[in-house]
Structure formats: structure tokens, C-alpha cells
Amino acid sequence: MARFPEDAGKAQRFDVNLSILFTGLPLPERPAAAAAAGFTAVELWWPWPETPTPPRGELDALRKALEDAGTRLVGLNFYAGRLPGPDRGALSVPGEESDRFRANIDVAADFAASVGCTALNALYGNRVDGVDPAAQDELALENLVLAARAADRIGATLLIEALNAPESPRYPLVSAPAAIEVVDRVNEATGLGNAAFLLDLYHLSMNGEDLEAVIDAYAAKTGHVQIADNPGRGAPGTGDLDLSALLLRLNDRGYDGWVGLEYKAGDRPGADGFDWLPRELRAAH
């Protein structure tokens, strides 16, 4: 397997998504595993899909695990329902799920603040049978405004992510322009300017989008990037995407934020599954 080009690696700061990698370990052991593999930054989906308000002890245990490992949390999802699973967020789903999202807003923001995390991802949620999509969009805006204000309170960015239609057919934001429209709507509603695009190259490629054109158009509105190769959602080099060239293009267009490794390790060779990325490029720089 070819190694990632050094110029592309040096242009970016990588972090490991601990909700899709190192999943053979209990959550409190994953930060140390990432550190042992050479990484100093990590991100997470909401780690408690069953509850938006976990016990204080579980929050404290995760905080201690991050601190003990010397890893910084650089991205955290708000409560998003059963993820992984059938759900794709909660904030546009009327009733109990919307209530759960609202109950989670300050919990997630306060935890993020306690560990120095400045990016909070709010997954939009699936369309619901029998509910007017316009009503869901109205609810979504209300909840995103609340989330943006909480993020602003801790000096964080609110991220809006586009997923892909083949794997998330009921999720309404399945293109970069659709997600950007929501970003703009939230910023207009709050006047805070802290909503930004989560640009996931895997999801956009699954949608058949022109990735170079997306980068050119929206790099300035991008607050976080995630990568996986396509097909297969594997590590760079396992599919057809020229991820090194795309990351260099992002850098050339002014993006200097984090690049989250959100791929399936599969049966890759090597003890840690990161043989594609030279070890000296894994720590934040």
C-alpha cells in the first residue's frame, strides 16, 4: 500500500474518529490507543446514543481518559439518536427526539468546553413519515439556533454535515449546496456567524459530486473535514479517491483546520491500521 505523500500530510492536521476506529476497545481505552498509534487529536460521535444526558461519572471518565492519554478532543457530535444505527440525527424529528436534542445541547457544549473542544456537529435527522418536511425544517432551524448559541457561549463552531443518499436515503442534506443552505440560514438567524460546513469527502463522493468544485466553492465556509476512500469507506489508498490531491487543494484554498479520519479500518495490514500515514505526520503540527 502506497504511503500518503509527505507534502499532503504536512499540509493538514489529522485526528482519529474514535467512534469508528479502535471500536474493539471500550471507549475509555480508545484515547490511549490513538496516542499509542501516534495521534494527539481525536473526535467522537455522541458516545451515549441511548441518552442525551449521561451520568456525571461517565462524562468524567471520558474526560480523564482523554487527559491521561494526552489527546485533545477536536470534534464532538451532539446527541444524534442511534448512531451507528438507523438514525441520522434528532434535531428535526418532532417529539421526543427533538426534546432529547435540546436536553443535550448544554451537556455537550459544557463537556466540549471542559476538554477544549471547539467544534460541535449537529446531524439534521431523517425525514419522518406523515410529517410535513417544511415543519421539520422549521423545527430544525429552531434547534440549530439554540445549538449555535450554546456553541458560541464556549467559543465553538457549529457544524452542519451533508451525508450520502445511498446510505442515508431519508436524510435531506445529501449535497454540499443543501448543507451550505442550512449553514447560511442558521448564521442569518443568529447573527453569530459560527455555523460552518462539515465537508466529508467520502459522503460527497458517494453522491457523485465534483469534489474539486465543492472545495473551490465552499472551502471558506468549511469548519471541519472528514475523509474515507471510496468505494468501501476504507483508509486512503483502498479506493479510487485521490485524497492527497484533494487535501492539498483544500489547503491551497485556505482550509487549515482538522481532517478527521472517519473510515473503516477493515483488514488493513499493520498493528494499528494506519500504515498509509507516516508516523511523523500523525501528531498535530
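**Two annotated residues and their surroundings**

Student: In which strand is the place of Glu161?

Tutor: The model before us is a predicted one. In this model, Glu161 belongs to a strand that covers residues 157–161. That strand is S5.

Student: Which residues does the UniProt annotation "active site" cover?

Tutor: The annotation comes from an unreviewed UniProt entry, and such annotations may be inferred rather than shown by experiment.

Student: Is Glu161 buried or exposed?

Tutor: A residue counts as buried when its relative accessible area is under 20%. The relative accessibility of Glu161 is 4%, so this residue is buried.

Student: With the side chain of which residue does the side chain of Glu161 make a polar contact?

Tutor: Leaving aside neighbours within four places in sequence, the residues in contact with Glu161 include Asn121, Tyr171, Asp200 and His203. The polar contact in question has a distance of 3.0 Å. The partner side chain is that of Asn121.

Student: Which side chain is joined to that of Glu262 by a polar contact of 2.8 Å?

Tutor: Glu262 is placed in the segment after strand S8, and its relative accessible area of 4% makes it buried. Not counting residues up to four places away in sequence, Glu262 touches several residues, among them Glu43, Trp45, Asp200 and Arg233. The side chain joined to Glu262 by the 2.8 Å polar contact is that of Trp45.

Student: Within what arc do the buried residues of helix H9 fall?

Tutor: Helix H9 covers residues 243–252, and its buried residues are Leu243, Ser244, Leu246, Leu247 and Leu250. Viewed down the helix axis, these residues line one face of H9, because they fall within an arc of 165°.

Student: Which residue takes a positive phi just after H9?

Tutor: The phi angle in question is about 100°. The residue that takes this value just after H9 is Gly254.

Student: What is the relative accessible area of Thr71?

Tutor: Thr71 is found in the loop between helix H3 and strand S3. Beyond its neighbours within four places in sequence, Thr71 is in contact with residues including Pro31, Phe39, Val42 and Leu66. Thr71 is buried, and its relative accessible area is 8%.

How values were computed
Residues numbered from 1 in each chain as written. Predicted model: local features only at pLDDT ≥ 70, side-chain atom pairs only at ≥ 80, totals over all residues. Heavy atoms only, no water. Helix = DSSP H or I, 4+ residues; strand = E, 2+ residues; numbered from the N terminus. Buried < 20%, exposed > 50% of the residue type's maximum accessible area, 1.4 Å probe, protein only. Contact = heavy atoms within 4.5 Å. Polar contact = N/O pair within 3.5 Å; in protein donor to acceptor, adjacent residues only side chain to side chain. Arc of directions from axis to C-beta.
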